[in-house]
Amino acid sequence: MRIEFERNYSMQGKVKIKYVPAVKEIGLRRYTKEEIEAQKRIVNPIMDNLVAKFKGLTYECVKPGKLKQDEHYENVDNIRSFVRNNKIYLVEGRVIPEDAIEEVMHVFVEMLRTDRKPLFMGLFNMLKDDPRFEAMLKNLQTAYGNNKRISDPTVVIQSEFIAKNLAIAMKNELSICT
């Protein structure tokens with residue numbers, strides 16, 4: 001894992017800490033069958049364990065070339081995983097354990113948002129008020145706040161923020177190392 005420090009020009013005297021695991025570096029190269037199989041040996045057991053806890057949730061590995069730009073608001077060259085219609089898609093050669101965990105958390109967070117709105121907002125407000133997560137929230141606001149392809153950026157930012165934090169907690173709970 002590499003840690004980079006970026007100057008935060010919006011707040012004088014502050015820096016952004018960016019954790020960059022080597023495996024998160026996405027290249028446009030083709031991955032070998034062996035590399036993809038090694039990735040699946042790590043990620044699939046995590047997914048099998050977590051997906052079993054959510055009725056009707058499934059996952060599938062997809063090749064990067066199958067991603068269609070008009071179906072995503074992010075550049076498909078940067079997508080490692082996503083959720084659509086209660087199904088998690090893991091992009092071969094790109095997905096890492098943290099992504100897999102976060103996608104399961106997205107399903108959970110969406111259930112909270114639709115079925116338990118006060119709990120969803122309580123989680124968001126608790127995390128938002130914690131200075132340890134301030135940089136993460138600002139990064140999400142920058143990434144999604146002005147994206148014209150997102151119909152409700154506030155909901156996306158809140159959901160992403162909660163899912164990312166739950167994924168970090170879950171990763172620590174499962175003692176997953178990258």
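**Exercise 1.** In which loop does Asn 85 lie? Work out its setting and its backbone angle.

*Solution.* Asn 85 is found in the loop between strand E4 (81-84) and E5; strands are DSSP runs of E with at least two residues, helices are runs of H or I with at least four, and both are numbered from the N terminus. Next, look at accessibility: Asn 85 is exposed, at 73% (exposed means over 50% relative accessible area, buried under 20%, partly exposed in between, with a 1.4 Å probe and protein chains only). Finally, the phi of Asn 85 is positive, about 50°, although this residue is not a glycine. Most residues other than glycine have a negative phi.

A note on the model: it is predicted, so local features need pLDDT of at least 70 and side-chain atom pairs count only at pLDDT 80 or more, while totals for chains, interfaces and linings use all residues. Residues are numbered from 1 along each chain as its sequence is written, and side-chain values use heavy atoms, with hydrogens and water left out.

**Exercise 2.** Describe the surroundings of Val 43.

*Solution.* Start with the element: Val 43 sits in helix H1 (residues 33-51). Then check burial: with a relative accessible area of 2%, Val 43 is buried. Now list partners, leaving aside neighbours within four places in sequence: Val 43 is in contact (heavy atoms within 4.5 Å) with Leu 90, Val 95, Ile 96, Pro 97 and Ala 100.

**Exercise 3.** How far apart are Val 43 and Ile 101 in sequence and in space?

*Solution.* In sequence, 58 residues separate them; in space, their C-alpha atoms are 9.2 Å apart.
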